[in-house]
Amino acid sequence: MAAPSGPARWHRNLSAKVAAIPMIVTALVVFIGGTAWTVLYSFTNSKLLPREKFIGFGQYERLWSSNKWLISIENLAIYGGFSLVFSLLIGFILAALLDQKIRFEDTFRTILLYPFALSFIVTGLAWQWILNPDFGIQHVVRSLGWESFAFDPLYNPDIVIYGILIAGLWQGTGLIMCLMLAGLRGIDEDIWKAAKIDGIPMWKTYIFIVIPMMRGIFITAIVLVASGIIKVYDLVVAQTGGGPGISSEVPAKYVYDAMFLSQNLGQGFAASTMMLLTVAIIVIPWAYLEFGGKRRG
């Protein structure tokens with residue numbers, strides 16, 4: 001039977017399409033319109049209020065000549081690279097362990113996922129206390145007799161970003177674990193049995209058979225982790241406030257400081273546009289891999 005074409009096709013599920021109109025209009029006006037407005041005014045010298053005095057790429061030149069912005073980008077690269085790798089690695093390992101049908105699996109899964117239910121502010125404040133040298137990990141270890149032990153990443157400009165990374169991994173790894181566990185539970189038992197009969201070691205089964213079959217899960221996890229990396233803000237504010245000095249600044253905080261503390265909307269819009277460009281670089285390939293390949297198939 002031939003598929004309906006022309007008006008008949010458009011009239012199918014008409015009520016659902018009509019109901020979706022407000023959402024579509026909202027997306028076009030608020031999101032797309034707001035994005036276009038931000039990009040447009042990033043080429044102006046807007047200060048406290050938007051002004052239509054265009055200065056070309058002046059804001060971008062000032063942005064990339066700012067030491068604070070360059071440190072923000074460096075921190076984001078370090079935080080992002082390690083966060084992406086360790087989130088996927090730890091999440092997959094935990095999921096593989098839970099997939100062994102261990103006792104109290106539900107309890108362990110709940111414990112590991114619980115940090116994700118906390119806000120980043122709560123997580124940041126908790127880890128600020130844990131990493132405080134006066135009453136955190138350093139204090140506890142020294143009280144046990146190891147007087148030379150030193151662990152104060154939040155107070156060391158050279159490694160402060162790694163202290164923030166610890167808190168980020170603690171909060172976000174549980175979600176990745178659940179995604180990976182769902183993917184592992186979707187693997188047919190016959191595949192495991194066949195690999196065992198063929199004498200394939202367990203680690204090779206995971207690397208060469210299971211992980212390629214979980215491609216969609218990994219792509220989704222990468223997009224989720226990457227989007228969280230780009231907009232990281234709360235953890236930094238709660239743990240260090242950007243300090244010591246400006247050693248833990250990140251792009252999202254730079255945008256906030258430029259727009260609301262320095263009252264320089266043009267500079268904030270320029271930084272926001274660069275963040276938007278980064279998101280587009282991540283989302284567009286993901287959309288192509290997820291939907292483009294399926295359409296061809």
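Residues are numbered from 1 along each chain as its sequence is written, and side-chain values rest on heavy atoms, with hydrogens and water left out. Since the model is predicted, local features need pLDDT of at least 70 and side-chain atom pairs count only at pLDDT 80 or more, whereas totals for chains, interfaces and linings use all residues.

The UniProt record, an unreviewed entry, places the feature "domain: ABC transmembrane type-1" at residues 73–288; positions from UniProt are given in the numbering used here, feature names are shortened, and annotations may be inferred rather than shown by experiment. Over residues 73–288 the chain is 73% helix and 0% strand, and the end C-alpha atoms are 26 Å apart, where helices (H or I, at least four residues) and strands (E, at least two) are DSSP runs numbered from the N terminus.

Grid points are joined across faces, edges and corners, and a volume is the space filled by probe spheres set on the points. The largest pocket has a volume of about 410 Å³, and of its 19 lining residues those closest to the centre are Phe-120, Leu-224, Val-225, Gly-228 and Ile-229. Helix 5 (67–98), helix 9 (160–185) and helix 12 (215–230) are the elements that give two or more residues to this lining, which divides into 10 nonpolar, 7 polar and 2 charged residues; here Ala, Val, Leu, Ile, Met, Phe, Trp, Tyr, Cys and Pro count as nonpolar, Asp, Glu, Lys and Arg as charged, and the others, Gly among them, as polar.

The second largest pocket has a volume of about 330 Å³, and of the 17 residues that line this pocket, Gln-100, Glu-189, Trp-192, Lys-193 and Met-202 are the closest to its centre. At least two lining residues each come from helix 9, helix 10 (189–197) and helix 11 (202–213), with helix 10 giving the most, 5 residues. By class, the lining of the second largest pocket has 8 nonpolar, 3 polar and 6 charged residues.

The loop between helix 13 (234–239) and helix 14 (251–261) holds Ser-247 as well as Pro-244, and the peptide bond from Gly-243 to Pro-244 is cis, with omega near -5°. Ser-247 counts as buried because its relative accessibility is 14%, buried meaning under 20% relative accessible area, exposed over 50% and partly exposed in between (1.4 Å probe, protein chains only). A polar atom of the Ser-247 side chain lies 2.6 Å from the backbone oxygen of Pro-244. Beyond neighbours within four places in sequence, Ser-247 is in contact (heavy atoms within 4.5 Å) with Ile-71, Asn-75, Pro-157, Val-160 and Gly-242.

Phe-269, in helix 15 (residues 265–296), is likewise buried, because its relative accessibility is 5%.

Most residues other than glycine have a negative phi. Lys-101, in the loop between helix 5 and helix 6 (105–113), has a positive phi near 55° and is exposed, with a relative accessible area of 55%. Gln-263, in the loop between helix 14 and helix 15, also has a positive phi, of about 55°, and is partly exposed at 40%.

Conventions: Polar contact = N/O pair within 3.5 Å; in protein donor to acceptor, adjacent residues only side chain to side chain. 1 Å grid on protein atoms, 1.4 Å probe; cavity = no way out; pocket = protein on both sides within 12 Å on 5 of 7 lines; lining within 4 Å.
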